[in-house]
Amino acid sequence: MNITVYGFWRSIASFRVRVALKLKGLPFEEIPIDILSGEQFQPDYAAVSAERVVPTFIHDGHSIFQSLAIIEYLEALQPEPRLIPQDVKERAYAKSLALVTVADAHLW
């Protein structure tokens, strides 16, 4: 399995993806992108991520951005160990908690 993650060490979204990959036991190559210096806006990175965000996850040439989408992809790719509850109510609750950290944090 060929996985590359472009991320920034202080990015909580990049951290979520690294943790998910480690919990799944999936090997990956991590390429640092220094977003404080604006490296995400360089032409080389634009070729990797048209959105110019981190993390950008590449699996067998397919690119995904946004940490929750990456985690859902990993869950489908390798169902065990589970990161997302199977029970519909538990899954909805877990997703609610996750979305608070990624979508509603600006409200706090």
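Me: Is tyrosine 6 buried or exposed?

Reply: Happy to start there. This is a predicted model, so every value here is computed from it. A residue counts as buried when its relative accessible area is under 20%. Tyrosine 6 has a relative accessible area of 15%, so this residue is buried.

Me: Which aromatic pairs does a search of the whole structure find, and how many?

Reply: The search turns up three aromatic pairs. One of them joins tyrosine 6 and tyrosine 45: the ring centres are 5.7 Å apart and the planes meet at 55 degrees, so the pair is tilted. For the label, planes under 30 degrees apart would be stacked and those over 60 edge-to-face.

Me: Where do tyrosine 6 and tyrosine 45 lie?

Reply: Tyrosine 6 belongs to strand S1 (residues 3–7), whereas tyrosine 45 sits in helix H2 (residues 43–48), so the pair ties together parts that are 39 residues apart in sequence. Tyrosine 45 is buried too, at a relative accessible area of 4%.

Me: What can be said of the rings of phenylalanine 8 and tryptophan 9?

Reply: Their centres are 6.1 Å apart and their planes stand at 50 degrees, so this pair is tilted. Look at accessibility next: phenylalanine 8 is buried at 6%, while tryptophan 9 counts as exposed at 66%.

Me: Which residues make the nonpolar surface patch?

Reply: Ile12, Phe15, Val19 and Leu23 make a patch of about 370 Å². A residue needs over 30% relative accessible area to take part in a patch. Phenylalanine 15, found in helix H1 (residues 12–24), has a relative accessible area of 44% and is partly exposed.

Me: How do I check the length of helix H4?

Reply: Compare an expected span with the distance between the end C-alpha atoms. The expected span is 1.5 Å times one less than the number of residues. Helix H4 (residues 88–102) has 15 residues and should therefore span 21 Å; its end C-alpha atoms are 21 Å apart, which agrees.

Me: What caps the N-terminal end of H4?

Reply: Aspartate 87 does, with a side-chain oxygen 3.1 Å from the backbone nitrogen of lysine 89. A polar contact requires N or O atoms within 3.5 Å.

Me: Where does threonine 101 lie, and how far is its C-alpha atom from that of lysine 22?

Reply: Threonine 101 is in helix H4, and counts as partly exposed at 48% relative accessibility.

Key:
Residues are numbered from 1 along each chain as its sequence is written. This is a predicted model: local features need pLDDT of at least 70, side-chain atom pairs count only at pLDDT 80 or more; totals for chains, interfaces and linings use all residues. Side-chain values use heavy atoms; hydrogens and water are left out. Helices (H or I, at least four residues) and strands (E, at least two) are DSSP runs, numbered from the N terminus. A polar contact is a pair of N or O atoms within 3.5 Å; within protein, one must be able to donate a hydrogen and the other to accept it, and residues adjacent in sequence count only if both atoms are side-chain atoms. Patches are made of residues with over 30% relative accessible area and no salt bridge: like charges are joined within 9 Å, nonpolar side chains (Val, Leu, Ile, Met, Phe, Trp, Tyr) within 5 Å. Accessible areas come from the Shrake-Rupley method with a 1.4 Å probe; for residues, only the protein chains shown count as cover. A salt bridge is a side-chain nitrogen of Lys or Arg within 4 Å of a carboxyl oxygen of Asp or Glu. Buried means under 20% relative accessible area, exposed over 50%, partly exposed in between (1.4 Å probe, protein chains only). Rings of Phe, Tyr and Trp (its six-membered ring) pair if their centres lie within 6.5 Å; planes under 30 degrees apart count as stacked, over 60 as edge-to-face and the rest as tilted.
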